[in-house]
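The stops below go from the whole chain to single contacts.

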Amino acid sequence: MAERQILTVPDYLTVRDLAELMGASPIEVMKQLIANGIMASINQQVDYDTAAIIIEEMGYSARPLREVQEAERQAELEAQRPEWRRELYKDEDEADLVRRPPVIAILGHVDHGKTSLLDAIRLTQVAEGEAGGITQHIGAYQIEHNGQKITFLDTPGHEAFTAMRARGAQGADIAVLVVAADDGVMPTTREAINHAQAAGVPIVVALNKVDKANANPELVKQELSDVGLVPDEWDGDTLVVPVSAKMKMGLEDLLEAILIVSEDTDIVANPNSSAAGVVLEGRTETGRGPIATLLIQNGTLRQGDVIVAGTSYGRIKSLFGDRGKRIQEAGPSDPVSVMGLSEAPEAGDRFEVVKDVKVARHIVEERLAEEEGGGPGVQPAMSLEDFFKSFQKGETKELLLIVKTDVQGSLEPVVNSLEDLENEEVSIRILHSDIGDISENDVNLARASGAIIIGFNVDVDNAAERTAVNDGIDIRLYNIIYKMIEDVQLALQGMLDPVYQDKVIGVAEVRAVFNISKVGRIAGCYIREGIARRNAKATVVRQGNIMAEKLNVTSLKRFEEDVREVRTGFECGVALDRFNNFEEGDLIEFVIQERVN
């Protein structure tokens with residue numbers, strides 16, 4: 001028996017639409033309805049159950065549209081699920097995964113009350129006699145609401161949120177966007193929304209300062225709708241909760257909204273695994289040594305475990321909870337501080353439990369060797385030239401772009417022109433679009449998401465340029481719209497060839513020359529400008545004449561220690577491959593190849 005064709009049917013549709021769905025005549029459908037005791041005109045609506053009966057009788061099978069939409073939504077959530085989460089659970093059996101407390105990041109405009117809201121939530125959980133403990137929180141804290149735990153990252157601001165993501169170690173499951181009811185959606189608010197959406201985490205809006213006389217919640221809800229966050233009371237899917245951090249109003253409702261959203265989010269872990277997670281903070285305290293604040297994302301961490309965090313490692317001597325009390329173990333979503341590491345790790349480093357100190361030391365040595373050899377470190381964003389290769393390998397089907405233009409009148413046509421280039425095989429997603437020069441925030445978002453930055457009639461500010469060069473972020477600047485469109489088209493077709501030019505990133509002056517046995521002649525240098533880098537090429541200039549160029553830097557030292565770079569105003573020793581004829585007064589230019597349009 002041949003399989004029946006499955007038709008996707010909405011909850012309600014007209015008789016005419018039902019006929020078109022089956023490729024039948026409306027008269028034929030109306031006859032079937034009459035045979036089932038239903039009198040309906042051609043423009044009359046029927047519900048899904050009625051439509052399903054007629055579809056079955058006419059040789060097809062019916063499937064609810066809402067089921068298809070839900071399946072697509074789940075697939076989209078899975079596709080957006082951060083890589084760190086897939087990596088954490090890749091070796092886990094589904095049967096071993098259980099719900100864990102959601103981890104919440106607070107984002108929003110600088111003056112809209114992020115820190116006040118965090119403090120207000122935390123104060124509601126601390127008894128009066130314990131108030132002194134508030135000062136001991138460790139970059140995150142955990143509360144309990146209706147018997148369920150919630151962990152808050154006490155690092156408000158999307159810059160911190162994105163910096164953590166850029167290091168491949170995102171910690172948040174849900175973003176709470178704080179918007180002031182008397183101020184509305186600001187440019188920084190839109191940035192925060194873009195950062196949360198790029199991370200693939202759901203957003204709950206905390207509409208703060210509703211107690212103020214000039215608050216206008218309805219206007220702010222309209223502004224939120226205009227940027228894609230339609231309130232649930234307007235038939236959207238964003239929970240917007242009125243609160244006042246100052247008056248302690250609406251906090252219970254906000255916590256309830258967080259738990260509701262968490263139920264629809266894939267927030268699971270295996271508490272029986274070895275612990276793994278992210279470093280929230282690293283510091284060194286007098287008398288205590290290196291202290292690391294960790295967020296456990298999977299497994300259970302115990303006193304005595306050996307962990308590796310970046311290039312730091314050690315056996316945990318002491319384990320403290322978020323209230324500063326000594327504990328023996330901590331599970332998924334718990335924030336803890338630990339003692340016993342070799343050095344303070346960096347915020348955003350991933351940590352994991354390993355078998356013993358010997359294994360930990362070996363891992364760290366490998367990482368240090370990779371860094372010394374110019375290893376990849378944090379992966380740079382994809383370049384426009386590389387996109388087609390990645391697409392061919394099946395690694396991506398979406399080109400992510402950040403677009404900045406000089407004026408509002410240019411923004412819409414540029415965005416529309418780029419979006420028009422997508423086709424059935426490749427989609428184009430604009431993560432963020434705005435007016436103004438390209439900023440460090442734009443570069444951080446590109447770094448965290450793998451996006452490419454397109455600028456039209458704008459410049460790149462100094463901080464953004466430095467970060468982009470360091471992290472290999474592809475920034476494309478244009479002043480002719482058809483050239484921009486042509487480049488993106490060629491990238492989608494795999495025909496765009498990269499163009500590079502040499503860029504001097506630093507200049508060192510030779511002030512002394514030393515002969516060292518087994519090494520040769522070393523130039524004692526002072527960095528006059530920029531940065532001297534181990535992985536750059538070197539050009540030796542003497543009285544305006546080039547003596548040698550494109551030389552490898554074989555050694556870069558400060559006080560007998562090998563270093564990766566030396567900045568302006570510092571002294572260092574430099575050795576070059578195939579050149580040892582240094583003289584005092586020589587200049588050594590450090591050169592990298594920079595991609596240009």
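**Whole chain**

The protein has 16 helices and 33 strands; helices (H or I, at least four residues) and strands (E, at least two) are DSSP runs, numbered from the N terminus. This is a predicted model, in which local features need pLDDT of at least 70 and side-chain atom pairs count only at pLDDT 80 or more, while totals for chains, interfaces and linings use all residues. Residues are numbered from 1 along each chain as its sequence is written, and side-chain values use heavy atoms, with hydrogens and water left out.

Of the 597 residues, 48% count as buried, where buried means under 20% relative accessible area, exposed over 50% and partly exposed in between (1.4 Å probe, protein chains only). Among contacts (heavy atoms within 4.5 Å) between residues at least 6 apart in sequence, 70% join residues at least 24 apart.

**Strands 6, 7 and 8**

Select strand 7 (140-145) and strand 8 (148-153). They form a hairpin with 2 residues between them, and N146 in the turn has a positive phi of about 50°. The two strands run antiparallel and are joined by 6 bridges; two strands pair if DSSP finds at least two bridges between them. I143 stands opposite I150 in strand 8.

Strand 6 and strand 8 run parallel, with 3 bridges, and A105 stands opposite L153 in strand 8.

**Helix 6**

Next, show helix 6 (residues 114-123), where K114, L117, L118, A120, I121 and R122 are buried. What do the buried residues of helix 6 pack against? Their partners are strands 6, 7, 8, 9 and 10, together with helix 10 (251-263).

**Nonpolar cores**

Select L153, L177, I203, V205 and L224: these have the most contacts inside the largest nonpolar core, which has 27 residues. Such a core is a set of buried Ala, Val, Leu, Ile, Met, Phe, Trp, Tyr and Cys residues joined through side-chain atoms within 4.5 Å. Helix 8 gives the most, with 4 residues.

Centre on L224. Not counting residues up to four places away in sequence, L224 touches L177, V179, V185, V205, L229 and V240. Apart from this core lies another, of 26 residues, including I106, A120, A245 and I258.

Move to the open sheet of 7 strands, whose order is 17-16-21-13-14-20-18 with antiparallel pairing. Which strands are at its edges? Strand 17 (312-315) and strand 18 (318-320) are, each pairing on one side only. Neighbouring strands are turned by 30° against each other on average, direction ignored.

Within this sheet, pick strand 16 (residues 306-309) and strand 21 (residues 350-354), an antiparallel pair with 4 bridges. A309 stands opposite F351 in strand 21.

**Helices 14 and 15**

Finish with helix 14 (residues 440-449) and helix 15 (residues 462-471), which pack at an angle of about 20° with their axes 8 Å apart. Helix 14 is therefore roughly parallel to helix 15, a term for angles under 35 degrees. Axes are lines fitted to C-alpha atoms, for helices over the stretch in contact, and angles run from 0 to 180 degrees between N-to-C directions.

Show side chains at the contact: E440, V443, N444 and R447 in helix 14 meet A463, A464, T467, A468 and D471 in helix 15. By class, this contact has 4 nonpolar, 2 polar and 3 charged residues.

Terms used: Parallel < 35°, antiparallel > 145°, perpendicular 65-115°, else oblique. Nonpolar A, V, L, I, M, F, W, Y, C, P; charged D, E, K, R; others polar.
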